[in-house]
Amino acid sequence: MLWTIVKRELVDHITSLRFSAIFALAVLLMIVSVLVFSVTYKTAVKEYPLRVEQLVNEDGTVNLGMVACTGGATVRRLPLPLAFCSETGESELPNQVVLAVHGLRSIQRTAEIGAIFSGSAHVDWAFVIAALLSFGAGLLTYKSISAELRDGTLTLLLSNPISRNAVLLGKYLAALIAVAAAFSVAILLSLIALQSLDVVQFTGDDWLKIGLFWILSIGYLSIFILIGLLCSVLTREPLLSAVAFLFVWTSLVFIIPNLGGILASQLCNAKTPLQMRETANAIPDQFTLTAAMRADEVASVKLQRELARERLLMEYLQSLIRQVHLGQDLTRISPASTFSYAAEELVGGGTFRLQNFVNNAVRFREGFFEAIREADRQDPDSQHRYVPWWCGSSAKHFSQRVVDLGPAKEFRDAPPSSSEGLAAAFWDIFLLVLYNVFAFAVAFWRFARQDVAPTPGVLRAQKKGAKEVLGLRLQAVGLG
């Protein structure tokens, strides 16, 4: 009997106009998102620097005597091949680090010239799922129970040997299968369109991330299916169910997620850029120079100043990230927010990607610096004193050789792996599971105690219909 209900409900969903409209719009938006992504990604990959040009010559060598006065070297974030899934961070967060060999100078955002002139908002899969498909999921179930209560068919259905739990479970499974099928087809068509353009070649780890994203999305859409069922169970009129679901959906998808930044800015005491500059200007007072210092002591103090500026920059970045995380924590009461955070972590985006990129830049700088010092030790003519912002061909405090540092000169910015993304998204995924369990339990608990007797008006209409049917049958046998 359960699968009979599932089949009946599934046919009703698939043949409904609302399902067709939501499905067509989702396919259109998801395909457009990968087409827009293919253009921007192709340009970004083509312009991605293969080496740190300010530090490394065209032939791959490094001038040891010049590295101390080079302070504008930049390393850029590698374009994310799965940005079409969740683009958070790709168009808003910093994408390059400016550094010297002795310390990071700044973390910046460099906008693409095409993005400046286009001025268009990018729509990724996460947005389509969080807003459009979640609304469509609720549309399939918001009147599943209330409409049958209004029409009186629920009483007739429960007169059969079937439990209430089986009825509600059948309606839930039918809606979930319909939504999962529509979403899967939309993903398949979008990936076919993307692969036909031959812009990005997915690795096995990328396909695993897409699979995890699909599972995450189905779990998120399941929540709104259950919310629709809950609204339907709590009301006896489809119109009231629709109003209740629309209110809940708007609050969870739009209102609550947009409050996080406002609340976090009020609660988190992050320093302003002006305060950070004042703190940076005070660093020389912490590491002072005196006339009695030896040359090696002067070099050490100046290097300590640069490293202190790097630590200050990293602390400032961490304070901003903590502010972002505070805003995220405040909005995780919304499944839409939780889903968005989990999606960006699974595909390797957002602040998770930013931290990974900056850490890669720090490791590159440290490795490059150590390789420079090691190359200098091999020069017997050098005094082996690295002094920031002190360079020149006549100086003997550091080597003037031109050397090839090998792998140390290459900046590698590999995105986080699927296992790292899954670990970062673990608690968000756990929250989505809890939301499913809670909505499922409340809906079933409420339906188990619901009065399914038809309203008086519906009952009179049913009796009148039954009398008319009985009269027609009596006339057919000649007794009327």
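Predicted model: local features only at pLDDT ≥ 70, side-chain atom pairs only at ≥ 80, totals over all residues.
Me: What do buried, exposed and partly exposed stand for here?

Reply: Buried means under 20% relative accessible area, exposed means over 50%, and partly exposed lies in between, with a 1.4 Å probe and protein chains only. Residues are numbered from 1 along each chain as its sequence is written, and side-chain values use heavy atoms, with hydrogens and water left out.

Me: Where is Asn 356 found, and which residues does Asn 356 touch?

Reply: A contact means heavy atoms within 4.5 Å. Helices (H or I, at least four residues) and strands (E, at least two) are DSSP runs, numbered from the N terminus. Asn 356 belongs to helix H15. Not counting residues up to four places away in sequence, Asn 356 touches Arg 363, Asp 413, Ala 414 and Pro 416.

Me: Is Asn 359 buried, partly exposed or exposed?

Reply: Asn 359 is also found in helix H15. With a relative accessible area of 34%, Asn 359 is partly exposed.

Me: What about Thr 338: buried or exposed?

Reply: Thr 338, which has its place in helix H14 (residues 335-347), counts as buried at 0% relative accessibility. Leaving aside neighbours within four places in sequence, Thr 338 is in contact with Arg 332, Asp 428, Leu 431, Leu 432 and Tyr 435.

Me: How many aromatic pairs does the structure hold, and what describes a pair of aromatic rings?

Reply: A pair of aromatic rings is described by the distance of the centres and the angle of the planes. Rings of Phe, Tyr and Trp (its six-membered ring) pair if their centres lie within 6.5 Å; planes under 30 degrees apart count as stacked, over 60 as edge-to-face and the rest as tilted. The structure holds 22 such pairs. Take Tyr 172 and Phe 440: their ring centres are 5.9 Å apart and their planes are at 75 degrees, so this pair is edge-to-face. Tyr 172 lies in helix H7 (residues 164-197) and Phe 440 in helix H17 (residues 426-448), so the pair ties together parts that are 268 residues apart in sequence. Tyr 172 is buried, at 11% relative accessible area, whereas Phe 440 is partly exposed at 29%.

Me: Which kind of pair do Phe 364 and Phe 368 form?

Reply: Phe 364 and Phe 368 form a tilted pair, 5.6 Å centre to centre and with 45 degrees between the planes. Both lie in helix H15 (residues 350-377), four residues apart, about one turn of the helix. Phe 364 is buried at 7% relative accessibility, and Phe 368 is buried at 1%.

Me: Which residues form one aromatic cluster?

Reply: Among them are Phe 37, Tyr 41, Trp 125, Trp 207 and Phe 339.

Me: Finally, what does the secondary structure come to, and what is the radius of gyration of the protein?

Reply: The protein has 18 helices and five strands. The radius of gyration is taken over C-alpha atoms, and the globule rule is 2.2 Å times the number of residues to the power 0.38. A compact globule of 480 residues would be near 23 Å, but this protein has 31 Å. Its C-alpha atoms fill a box of roughly 125 × 50 × 40 Å along the principal axes. Buried residues make up 47% of the 480 residues.
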